[in-house]
Amino acid sequence: MKIGFVPIDNRPVCYTLPEQIVKIDSDIEFFIPDRILLGDLTKYADIDGIFNWLEALPKVDAIVISLDTVAYGGLISSRRCPETFEQIKARILRLKSLLEKKNAKIYAFSSIMRISNNNINEEEKEYWNRWGKKIFDYSYQTHKLGCESCITNIIPSEILDDYLNTRKRNFEINKIYLEWQKEGLFDTLVFSKDDCAEYGFNVQEAQFLEKLGGFVKTGADEIPLTLLARAIQGKMEVSPIFTEPDSKALISNYEDVSIEKSVLGQLELADCLVSEKSDVFLVVNNFINAQGEIVMKRPTEPFKGEFVNPDGNYMVADVRFANGADNAFMEQFLNSGFSDNNFYGYSAWNTSANTLGSLICGAKVKFLAKNYDELAFKKLQAVRLLDDWAYQANVRQQLSSPDIQEITNLMKPFEKKVSEFLGININAKYSFPWNRLFEVEVELI
């Protein structure tokens, strides 16, 4: 199978993770733009370069595309770029013409612009560092009350106007995509929403798009991977198993649906079947009272049971904490023994949706692989264990800044444990591609 893939940006989970996943099946020919063409925290994607890449793309069976990359220069750029609606519309019309000529199945997603409930402008416009929380409150209250909130009197008019105009621009672009979906351009089109609250302009927009026939999904960064799984031809039957079955109706941090609905939604979008007589069990280490988050100092009750490998193929979604593994669960899991024959993957990356989407994608590629590469699968698991468990749940808490030498030293004991678990030698190199502690890049050399 031949697949073209346009990521959101150049982060490891957006760029190198899909590459690592498809290597599990060496029968898949995978085409992805040069990493230098993609955007980062402060740089927009080279949109003309992406168009040139798409035009030169050989005949493929499917194209998975992050529309924000081509329209705005990336997911973060979609909230920042100053271009007008007409400028963006002209660009996406060029994209439509190009995709129509490709004669491939198109799996696309576009974001519904998020509203962060904080005064951090790292991924937003400059004024967010002072007015972000007030804008969130204005959005929340206006939606909840059904009329404009008095908070509008607090926010400078030029800032509020700029914010609302950016939202309107992006929303109108999404409505155009929806028309194209109805015309048959996309095999699948997903509108993503992340950092969701109960009320807000983003929630209103999602509801409006759904009324028009659009498909809205909670999540963001994992959706290209879930669409990649959908593009892989063939079925995989999955049976979810929750470590805390009485708590599967609870809602994860940064999401607005229960963990059970998140699981079922990711499986559906990945074109997997849910069945008790499964091909692969999905073990979900879910939370009891509320999802914890180590880096944000949000505690939760850790895993206290006994992990026993299911009688059959299985994968593990560790979502008891957001942004990292549950150390108590990992102690049991790593002692349970590894068998490549029936282990289909581990993930504890960022949000529950992030974890589930990436995990299911890797498992489906392995299950349906026509030319399975065992070493590639083990390398994928090594990266996830070193990132999601070793770094996010442990080493990150000991760092005060992105220090390569310090992380290299601190990761050594974890490398040894992961090496023993997977039965491979590990020589890892670490970097901080966005020069912040939030994400690390683990490169096996």
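Reader: What share of the contacts with a separation of 6 or more joins residues 24 or more positions apart?
Author: In this predicted model, residues 24 or more positions apart make up 76% of the contacts in the protein chain that have a separation of 6 or more.

Reader: How many helices and strands are there?
Author: The protein chain has 14 helices and 15 strands.

Reader: What box do the C-alpha atoms fill?
Author: Roughly 60 × 50 × 45 Å, along the principal axes.

Reader: And what percentage of the residues is buried?
Author: Of the 445 residues, 60% count as buried. The accessible surface is about 18100 Å², and carbon and sulfur atoms hold 48% of that surface.

Reader: Charges next. How many positive and negative side chains are there?
Author: There are 50 positive and 64 negative side chains. The centres of the two sets lie 2 Å apart.

Reader: Which residues touch the most other members of the largest nonpolar core?
Author: Ile65, Tyr177, Leu282, Met315, Phe333 and Tyr346, in a core of 128 residues. Helix H13, residues 374–391, gives the largest share of this core, with nine residues.

Reader: Take Phe333. What is it in contact with, leaving aside neighbours within four places in sequence?
Author: Phe333 is in contact with Phe307, Tyr314, Val316, Phe343, Tyr346, Leu385 and Phe421. Of these, Tyr346 is also on the list of residues that touch the most other core members.

Reader: Which residues does the second core include?
Author: Tyr127, Trp131, Tyr140 and Phe201 are among them. That core is separate and has 16 residues.

Reader: Where is Val203?
Author: Val203 sits in helix H8, residues 201–211. Its relative accessibility is 6%, so it counts as buried. Beyond its neighbours within four places in sequence, Val203 is in contact with His143, Ala197 and Glu198.

Reader: How far is Val203 from Lys193, C-alpha to C-alpha?
Author: The C-alpha atoms of Val203 and Lys193 are separated by 8.1 Å, with the two residues 10 apart along the chain.

Reader: Now Lys96, buried or exposed?
Author: Buried, because its relative accessibility is 15% and the cut-off for buried is under 20%. Lys96 is in helix H5, residues 85–102.

Reader: What about Leu225, buried or exposed?
Author: Leu225 is buried, with a relative accessible area of 1%. Its place is in helix H9, residues 223–231.

Reader: Which residues is Leu225 in contact with, apart from neighbours within four places in sequence?
Author: Val13, Leu17, Pro18 and Ile21, then Trp349, Gly357, Ser358 and Cys361. As for Phe438, its C-alpha is 20 Å from that of Leu225, and the two are 213 residues apart in sequence.

Reader: Changing topic to H10. Which of its residues are buried?
Author: In helix H10, residues 259–269, the buried ones are Ile259, Ser262, Val263, Gly265, Gln266, Leu267 and Leu269. Just after H10, Asp271 takes a positive phi of about 65°.

Reader: Last one, Asn427. Where is it found?
Author: In the loop between helix H14 (404–422) and E14. Asn427 is partly exposed, with a relative accessible area of 41%.

Reader: What does Asn427 touch, not counting residues up to four places away in sequence?
Author: Asn427 touches Glu443, Leu444 and Ile445. Gly184 is 47 Å from Asn427, C-alpha to C-alpha, and 243 residues apart from it in sequence.

Terms used. Residues numbered from 1 in each chain as written. Predicted model: local features only at pLDDT ≥ 70, side-chain atom pairs only at ≥ 80, totals over all residues. Heavy atoms only, no water. Helix = DSSP H or I, 4+ residues; strand = E, 2+ residues; numbered from the N terminus. Buried < 20%, exposed > 50% of the residue type's maximum accessible area, 1.4 Å probe, protein only. Contact = heavy atoms within 4.5 Å. Areas by Shrake-Rupley, 256 points an atom, 1.4 Å probe, with all protein chains shown as cover. Lys, Arg positive; Asp, Glu negative; His and termini not counted. Charge placed at Lys NZ, Arg CZ, Asp CG, Glu CD. Core = buried A, V, L, I, M, F, W, Y, C linked by side-chain atoms within 4.5 Å.
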